[in-house]
Structure formats: structure tokens, C-alpha cells
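Here are a few notes to read with the structure open beside you.

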Amino acid sequence: MAGRRPRQTATMSDVARLAGVSVSTVSHVLNQTRPVAPDTARQVHDAVAACGYVPEQVTRQQQEGLGIIGLAMSAISNPYFADVVHGLDRRASKQGYSLLLAETHDDPDGELRAVSELLRRKVSAIVLAPSGDTERTLAYARRAGVPVTVLDRAVRQDTDQISVENVESTARLVDHLAENGHTRIAMISGRPGLATTEERVRGYRLGLSRRDLREREEYLVSGGSQADPAQRATTALLRLAEPPTAVVVGNNRMTIGAMRGLREAGVRVPDDIALVAFDDFEWSDLFQPRLTAIAQPTALIGEQAFELALSRIADPSVAPRRVLVQPTFQHRESCGCAAGAN
């Protein structure tokens with residue numbers, strides 16, 4: 001039986017053919033030697049990712065090890081990631097590495113383009129906050145021979161990753177509310193498809209089950225991981241024939257939206273409704289009442305993400321590792337009881 005033919009390496013001509021443009025246009029986009037229409041540039045980057053084209057200078061840089069770590073994440077739209085970057089940058093600077101950020105906009109196609117751009121800029125490794133569907137991105141980086149460390153949102157693929165424990169932490173929020181007499185507990189969850197959303201919803205259900213509380217379908221609503229849809233979700237909960245007396249919110253941005261919705265409805269926290277959240281704010285203790293929340297050690301997550309990337313650069317042969325970080329319960333007053341009482 002004939003042996004399997006070796007897989008051919010994609011060329012710039014392959015990219016041009018797939019994107020429907022000339023080879024020179026591909027070259028201008030990748031090398032930024034001439035302005036190209038945004039839509040055309042997007043087609044080229046998509047084609048690069050789709051066919052797995054890796055510029056020769058990327059491979060050369062991997063051999064030379066120039067000390068640049070690429071970050072692909074939605075740092076602009078999510079303050080959580082901004083805090084992670086600070087921690088990562090502090091640790092990287094001590095090791096003589098520079099950081100290069102590419103915005104993904106929390107979108108699978110944007111994620112592919114961001115990683116493609118980082119590869120073009122010759123990074124030694126990539127730290128990625130995945131958008132939800134990250135299989136193509138990881139496969140592309142793997143073909144390029146660039147190590148990837150995934151943070152915050154767990155993925156099924158074998159790659160280094162660091163995330164926070166979400167299930168038991170969310171269950172603790174539910175348990176705390178139930179312990180204070182609440183039986184009608186709702187949750188505003190994040191965007192469907194994200195590992196963090198699925199894990200925190202699982203924790204919400206686990207907390208209800210442990211307290212023998214009935215799970216009500218109408219009490220689990222999506223806030224889309226953003227403030228505006230969370231505000232609309234809050235309004236919908238308040239309009240139910242039997243509205244909840246307590247709400248668990250799945251992340252920091254949605255907490256802002258939930259508080260807006262409650263304020264506009266004239267509903268007082270915690271007098272009329274208890275409010276707890278996953279994700280603490282640097283300024284959450286300035287709220288009145290102060291917010292009871294699960295706090296993630298953002299700086300530590302950034303530092304350990306860098307350490308995973310650095311050790312992978314040093315030894316690509318080690319088995320993929322997953323680090324699970326424990327968050328802390330910040331007990332304040334929005335839950336309806338005195339801070340420190342539990």
C-alpha cells in the first residue's frame with residue numbers, strides 16, 4: 001500500500017486564490033506596504049486563516065525567539081481582561097518580554113483575524129481569551145508552530161489553559177441567598193456558547209438543587225454578557241407575574257445593566273430585591289449598597305498565563321496543562337444582610 005502523501009504547505013498563491021485577489025494584494029495586506037480596502041484586507045486575513053498559510057518570517061522568528069507575547073482578547077469591551085493584561089504585563093516585563101495586543105471583539109472571525117495579525121507580527125507565543133468557537137483559531141496557530149495559552153474560558157482542545165472555578169463559586173452565591181430566606185432566585189446568564197456561561201449556569205442549578213428549590217425556566221434569562229441586554233433581561237424578570245426576590249448576575253458588565261434596570265423600575269437593592277454577582281469591580285464597594293460578589297484574582301490569572309506561555313516556549317514537548325484558580329467570596333450588603341455576617 002502506498003504511503004500517505006505529505007501535506008503540502010499553503011502558499012501566498014493559495015491565499016490569493018481563496019480570497020479572490022491577486023498575489024500582490026495579499027503581499028500588500030500581510031506586509032502593510034500599501035493601503036488596501038478594509039473589506040479586501042478582511043478577505044485576505046480570512047483566507048490566510050482558512051488555508052493555514054504561515055509567512056516564512058514567522059517560522060524564522062520562532063527559531064530566533066524575539067521575546068514578543070501576543071494577546072488576542074476583547075480587552076476594549078471587557079474591563080476584566082484589561083485587569084488580566086496588567087498582571088500579565090508586569091510578569092512579562094520582568095522576564096524581558098514585550099506584549100502585543102490584538103482585539104478579537106469576542107467574535108470567532110475577529111479572533112481568526114487577530115491571531116493571523118499576531119503571527120504576522122512574529123510573536124513567540126499567544127495568550128488567547130477564546131470567543132466561544134475557537135477550534136479554527138487553535139488549529140491555525142498549531143500549524144504555524146506557535147504555542148497558545150487559553151485563559152478565562154475553558155476549551156475542549158488540548159492546549160495550555162488557565163481559568164477560574166465557576167461552578168461551585170456560583171453555587172455558593174445561590175446558597176448564600178437561600179440561607180437568607182430567598183426561594184425565588186433568578187439568574188442573568190452570559191452569552192450562550194461560552195464555557196464561563198455554561199459553568200456558571202451549572203453552578204446556579206447546582207445551588208438550587210442543594211437547597212431543594214424548584215428551578216423555574218422563566219427565572220433563567222440571558223444577558224448576553226453585556227450591559228444593555230442584561231438591563232432588558234432584568235426588566236423582563238420584574239414584569240413576571242411572580243418576580244424573583246433575588247438575582248444572581250453572571251459577570252461584571254451585566255451587573256451594570258441589571259442595576260440600571262432595577263433603578264429605572266424604582267426597585268431598591270436590597271430592600272426590594274437582593275443582588276449578587278460573579279465578577280467583582282475595583283470600585284464595587286463604592287456602590288450603595290456595596291455589592292456582594294465572587295472576585296476573580298485577575299492579576300494572578302495574567303501572571304500565571306504568562307508563566308504557562310513562557311514554559312511552553314522553553315519546552316514544547318510537555319503535556320498540555322490546565323490551571324484552575326479559586327476566586328473569593330466578597331460579602332457586602334447587596335445580598336440583604338450585614339457584611340461579614342456569613
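1. Let's begin with helix H8, residues 167–179. H8 has 13 residues and reaches 18 Å from its first C-alpha to its last, close to the 18 Å expected at 1.5 Å a residue. Bear in mind throughout that this is a predicted model.

2. Which residues of H8 are buried? They are Val 167, Ser 169, Thr 170, Ala 171, Leu 173, Val 174, His 176, Leu 177 and Ala 178. As background, an α-helix has 3.6 residues a turn, so residues three or four places apart point the same way.

3. And what covers those buried residues? Among the elements doing so are five strands you can pick out by number: S6 (185–189), S8 (246–249), S9 (274–278), S10 (292–295) and S12 (328–330). Helix H9 (195–210) is also part of the cover.

4. Six strands form an open sheet with parallel pairing, in the order S2-S1-S3-S4-S5-S11. Its edges are S2 (98–103) and S11 (322–325), each of which pairs on one side only. From one strand to the next, the twist averages 20 degrees. In general, strands of a sheet pair through backbone hydrogen bonds, either parallel or antiparallel.

5. Three parallel bridges pair S4 with S3 (residues 125–128). Across that pairing, Ile 126 stands opposite Val 148, and Val 127 stands opposite Thr 149. To get from S3 to S4, the chain passes through helix H7 (residues 135–144), in a right-handed β-α-β crossover.

6. S4 is also joined to S5 (residues 160–164), again by three bridges and running parallel. Here Thr 149 stands opposite Asp 160 of S5.

7. Which way do the residues of S4 point? Val 148 and Val 150 point one way, while Thr 149 and Leu 151 point the other way. All four of these are buried.

8. Finally, the nonpolar cores. The largest has 61 residues, and Leu 151, Ile 185 and Ile 188 have the most contacts inside it. Another core, of 31 residues, lies apart from it and includes Val 123, Ile 126, Ala 141 and Val 148. That puts Leu 151 in the largest core and Val 148 in the other, and these two residues point opposite ways from S4.

Definitions and conventions. Residues numbered from 1 in each chain as written. Predicted model: local features only at pLDDT ≥ 70, side-chain atom pairs only at ≥ 80, totals over all residues. Heavy atoms only, no water. Pairing = 2+ DSSP bridges. Helix = DSSP H or I, 4+ residues; strand = E, 2+ residues; numbered from the N terminus. Axes fitted to C-alpha atoms, helices over the stretch in contact; angles between N-to-C directions. Core = buried A, V, L, I, M, F, W, Y, C linked by side-chain atoms within 4.5 Å. Buried < 20%, exposed > 50% of the residue type's maximum accessible area, 1.4 Å probe, protein only. Expected span 1.5 Å × (residues − 1). Contact = heavy atoms within 4.5 Å. Right-handed = clockwise from strand over helix to strand, strands pointing away.
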